[in-house]
Amino acid sequence: MKRRQFFKTTGGISLVAGSGLESLLMNLYAFEEKANLSKVEALYYKKHSDREIECLLCPRYCKLGDKERGYCGVRENMGGTYYTLVYGKACSINVDPIEKKPFFHFLPRTNALSIATAGCNVNCKFCQNWEISQVRPEQVEHYDIPPSKVVDLAKKYSCPSIAYTYTEPVVFYEYMYDTSKEARLKRIKNAVVTGGHINPEPLEELTKVVDAIKIDLKAFTQDFYTSYVRGELQPVLDAIKIVHKSNVWLEIVYLVIPTLNDSQNEIQNLCRWIMNEIGPDVPLHFSRFFPMYLMKNLPHTPLSTLEKAYKIALAEGLHYVYLGNIPSHRAESTYCPSCKNKVIQRIGYQIKKIELKEGKCKFCNNPIPGVWT
Amino acid sequence: MASKVVLIRGKGVLNGDGDIDQKRLLSMYTRGIQALLNQQNPKENLLLLFRRNDKVGIKINTIAGKMLSTRPEVSLSLAKLLSGSGIQEKNIIIWDRTNRELRAAGYHLNIKGSGYAIFGTDTRGVDYNPRLISHLNIGSLFSSIQSDWITSSISLAILKDHGMAGVTAGMKNYFGTIHNPNKYHDFNCDPFVAELFETKLIMRKHKLSILDSLVVQYHRGPSYHARWAEKYEALIFSLDPVAADFVGWQVIEKLRAKKGLPTLKEEDREPTYLKTAEKKGLGKANRNEVKIIEEEA
């Protein structure tokens, strides 16, 4: 359940400007707190003197006194021990096409059981899911659903993968990690959709239990990360390199925002960096921006801007470049870099045709990298 | 014109066990408000700030547990003064973020009973107003208590050292009115404290800052650490929210110096948000323009 729905069910929305205490009290019924949060010790933190702790999960390194929470809002220092409050507390559970994440080279035409808890370790001004990502866990309704139940649900709905998505799975690391381990035992794969704002050690551990990671690279300048993300670029680039070096399938998404991260120069620098550090075979998705959250003052991304980015990436030598949020565009489909034939035809989240045989182009036998089965 | 800040000392207001001498506390309030507003009749004093039909929110701070929160005696004494001035009890609310924290600080919740209302934003049917308020670097949902119910607000904050902000006092206390304060602690909370205060929902309703300085945490805050908590036995009053916090900061620096601790600047956590607030015209944060009146109640 999302926050907006939640307000409707609790009656909070019934308070309007000008109402007084009496009308407020009339709206109250049996007092009840919504908390019911988890208290599972966090995996990555350091204890300091005087009940202080330092979180080691992400590059923020939050230093927290007793009773304080990290930037993510979902981890709390309780008397010198650091706890995650969202273990087994999913606020969103859906069955989505894997293409929605988007993963284009990972189990195409399948569904992923998709889960999220509240919280995020950055604060993107253009967040699509701010109503669950930019809140503390007690501010959203959640389900009690431990890892084993998540896996059961995936099986029940015939999902060959579980996606950790919508908010920022780094902040529910322990929950994601344990669920991934259980899922593997039942031959279900794990796909992570993240901003990549995570420290190397936890990421390296995570790559041992998951199968695919999609990283949202929000821009290719620190200025953008400072102003619009409240995070750092370099740790994200480092995370991309770590995932690439592991056995985990990697895809990259770049949301193109008019005037802020769409210059030819920036796109070119990004593509050159990918070519140099990762190589030509990582899928790169340029997504269309739509105004939302705290960035309603900009228009959606013009198609011409996206097509320009697409051409730059191809010119720089990347093999698998896609345009997202533009249903029916030819750049939603996968083309064999060798014979140029269309090997996967997509329209929106739908797969119309797959022309692959054992991971190779049906027309020229060229291997197309990905996790196909 | 200089901003007036009144610092009232009440030696003995805390007894050996840390309990409050209510009579002494009340006289500290009376003296402080008189000195601040230059009125002799205490009943009329507060009506210079509030209308009789105002709905007054007393925003307290209960995040640090019983030992370092606005004590019930402190907020209830203020509520009593307000109702004594003619504001109806039913139109006075003592509040903070959560009922759990209020209870842990020693409050008995009063949600539907007669008398002053006491409850947190997380009470069912209250919650955060779903309208997202955006102002410069701020993007937040506000407690419906702050946005929809109250017409006037008093920040009755605890004066504390803060590991990130340097100092937490009256202005930062309003972090407790929004749903995402965790997002505003970067860069020593600067410019976030000033920008949040500048939002219409805070600035237009805020009428008075009172810093509960009975016990001041001058180091290792905002958590309670007995080793660095000083029995200071003072209340600080001002109509200028920036000046009140500026004086609170000076108190903390004095206590730190007395104990041989480095200044907040030396620890790279000077409360620069006060200068930012001053630049925005929200109040004064310099010695030349803050007039401190210090008295014993």
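Predicted model: local features only at pLDDT ≥ 70, side-chain atom pairs only at ≥ 80, totals over all residues.
**Stop 1: a sheet in chain A**

Select strands S2, S3 and S4 of chain A. These three strands form an open sheet in the order S2-S3-S4, with antiparallel pairing. The edges of this sheet are strand S2 (45–47) and strand S4 (63–64) of chain A, each of which pairs on one side only. In general, strands of a sheet pair through backbone hydrogen bonds, either parallel or antiparallel.

**Stop 2: aromatic rings**

The next selections concern aromatic side chains. Over all chains, the structure holds 17 aromatic pairs. Begin with Phe172(A) and Tyr175(A): their ring centres are 6.1 Å apart and their planes meet at 55 degrees, so the pair is tilted. The angle falls in the tilted class because planes under 30 degrees apart count as stacked and those over 60 as edge-to-face. Phe172(A) is buried, with a relative accessible area of 0%, and Tyr175(A) is buried as well, with a relative accessible area of 1%.

Move to chain B and select Tyr29(B) with Phe237(B). This aromatic pair is edge-to-face, with 6.1 Å from centre to centre and 75 degrees between the planes. Tyr29(B) belongs to helix H1 (residues 22–37) of chain B and Phe237(B) to strand S10 (residues 229–238) of chain B; the pair links distant parts of the chain, 208 residues apart. Tyr29(B) counts as buried at 0% relative accessibility. Phe237(B) likewise counts as buried at 0% relative accessibility.

Return to chain A and select Tyr44(A), Tyr173(A) and Tyr177(A). Together they form one aromatic cluster.

**Stop 3: charges over rings**

What lies over the face of Tyr71(A)? Select Arg60(A), which lies there at 3.5 Å from the ring centre. A second example is found in chain B, where the charged end of Arg9(B) sits over the ring of Tyr232(B), 4.5 Å from its centre.

**Stop 4: salt bridges in chain B**

A search of the whole structure finds 32 salt bridges over all chains. Select Arg24(B), the residue of the opening question, together with Glu296(B). The two form a salt bridge in which the closest N and O atoms are 2.9 Å apart. Arg24(B) lies in helix H1 of chain B and Glu296(B) in strand S11 (residues 290–296) of chain B, so the pair ties together parts that are 272 residues apart in sequence. Glu296(B), by contrast, is partly exposed, with a relative accessible area of 43%.

Next, select Glu198(B) and Lys280(B), whose side chains meet in a salt bridge (2.9 Å, N to O). Glu198(B) is in helix H6 (residues 192–198) of chain B, and Lys280(B) is in the loop between helix H9 (273–279) and S11 of chain B; 82 residues separate the two. Glu198(B) is buried, with a relative accessible area of 18%, whereas Lys280(B) counts as partly exposed at 28% relative accessibility.

Then select Lys259(B) and Glu230(B). Their side chains meet in a salt bridge of 3.5 Å, N to O. Lys259(B) is in the loop between helix H8 (241–258) and H9 of chain B, while Glu230(B) is in strand S10 of chain B, and the two are 29 residues apart. Lys259(B) counts as partly exposed at 41% relative accessibility, and Glu230(B) as buried at 15%.

Finally for this stop, select Asp161(B), Arg256(B), Glu267(B) and Arg269(B). Salt bridges that share partners join these four residues into one network.

**Stop 5: a buried threonine**

Where in chain B is Thr177(B)? Its place is in the loop between strand S8 (166–168) and H6 of chain B. Thr177(B) counts as buried at 0% relative accessibility. To see its surroundings, select the residues that Thr177(B) touches, leaving aside those up to four places away in sequence: Lys59(B), Trp95(B), Tyr128(B), Leu141(B), Phe142(B), Ser143(B), Gln146(B) and Ile202(B).

Key
Residues numbered from 1 in each chain as written. Chains lettered and ligands numbered in written order. Heavy atoms only, no water. Pairing = 2+ DSSP bridges. Helix = DSSP H or I, 4+ residues; strand = E, 2+ residues; numbered from the N terminus. Phe/Tyr/Trp six-rings, centres within 6.5 Å; stacked < 30°, edge-to-face > 60°. Buried < 20%, exposed > 50% of the residue type's maximum accessible area, 1.4 Å probe, protein only. Lys NZ or Arg CZ within 6 Å of the ring centre and 35° of its normal. Contact = heavy atoms within 4.5 Å.
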